[in-house]
Amino acid sequence: MPHFIFSFTRYSYLLLFGFVRYNPFVIQLSAASLFIESMFRGRGSHRQQQEQEQHEQHPESKINELRSALGPLSGRSLKYCTDACLKRYLEARNWNIEKAKKMLEETLAWRSTYKPEEIRWHEIAAEGETGKVFRSNFHDRFGRTVLIMKPGLQNTTGMDNQMRQLVYLIENAILNLPEGQEEIVWLIDFTGWSFSTNVPIKTARETISILQNHYPQRLAVAFLYSPPRIFEAFWKIVKYFLDPKTFQKVKFVYPKNKESVEIMKSCFDVDNLPTEFGGKATLKYDHEEFSRLMVQDDVKTAKFWDLDQKINGNDAKESRVSCLA
């Protein structure tokens, strides 16, 4: 699910690590987690693995079966449920038709009320003033969209707009994926981050629900560059909040750890990678320039979802006034 991911602030910390409070009870669970980990090993028989590999190589029959189970679709739901989309939900539920159907129907219900495709930049532009999360101007070696997070630059406290910014940027990253690519890469820079901010339970639950249930198979890999050591103490516990497939995609990278650095280099050309992630490039966030780009992308989004009349009306005017003045 996300895979994950997206503003790595109080809520996006939950995206990668689930919800955990720093207290003695949590620390006491670390030993028990080692026992639980042993129970998770060996899950899935060799036969099940073979069946999954077969479905991945020849997914057409399962996709058709899921589409039949969903029944007639129309409007945005029909546009959303492409074969590639159905395949992602099947993969997220290990090719189980009933589970994939339930998951997808819940997403369609969520999208019909939350309307992520209708969020416009001017509505959440204030969240991006510090550059705490934004779409980079470079791709990884495989052409995938890269989202950069800098939790140390948190600038707001309201949950609603933080969540809307997160959803907006995920939708935007997906919109800008090149043909043949379906996954997003996350780069998280912990410079300036502190552990003093508490995470509201409501925010945690909503974050986990949206990222893992409504954007399955969208995370390619999440690189946590030089995170505080305290994260390691939590990791043995909180990783069980994540889908096993997602867990495998979260990578800790430390500048002095050659193995972890090599994993990152396998995905990025160091000449394109910003210096804060161990590369050679200089990357400076320009809010005005990024706002212009997002306003242009709002037009693309509206056209994709047949919402031209909205973006060509008041929304476009408000975007120009709010972001580009």
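**Close-up views of a predicted model**

**View 1. Strand β4 and its neighbours.** Strand β3 (residues 184–189) runs parallel to β4, and six bridges join the two; strands are DSSP runs (E, at least two residues), as helices are (H or I, at least four), numbered from the N terminus, and two strands pair if DSSP finds at least two bridges between them. Opposite Ile-184 stands Leu-219 in β4. With strand β5 (residues 250–253), β4 pairs in the parallel sense over four bridges, and Tyr-225 has Val-253 in β5 as its bridge partner. Of the seven residues of β4 (residues 219–225), seven are buried (under 20% relative accessible area; exposed is over 50% and partly exposed in between, with a 1.4 Å probe and protein chains only). The model is predicted: local features need pLDDT of at least 70 and side-chain atom pairs pLDDT 80 or more, whereas totals for chains, interfaces and linings use all residues. Residues are numbered from 1 along each chain as its sequence is written, and side-chain values use heavy atoms, without hydrogens and water.

**View 2. Surroundings of Phe-268.** Phe-268 touches residues including Phe-138, Arg-141, Leu-187 and Phe-223, not counting residues up to four places away in sequence (contact: heavy atoms within 4.5 Å).

**View 3. The loop at Lys-115.** Lys-115 lies in the loop between α7 (97–114) and α8 (121–124). Lys-115 is partly exposed, with a relative accessible area of 33%. Val-167 is 52 residues from Lys-115 in sequence, and their C-alpha atoms are 10.0 Å apart.
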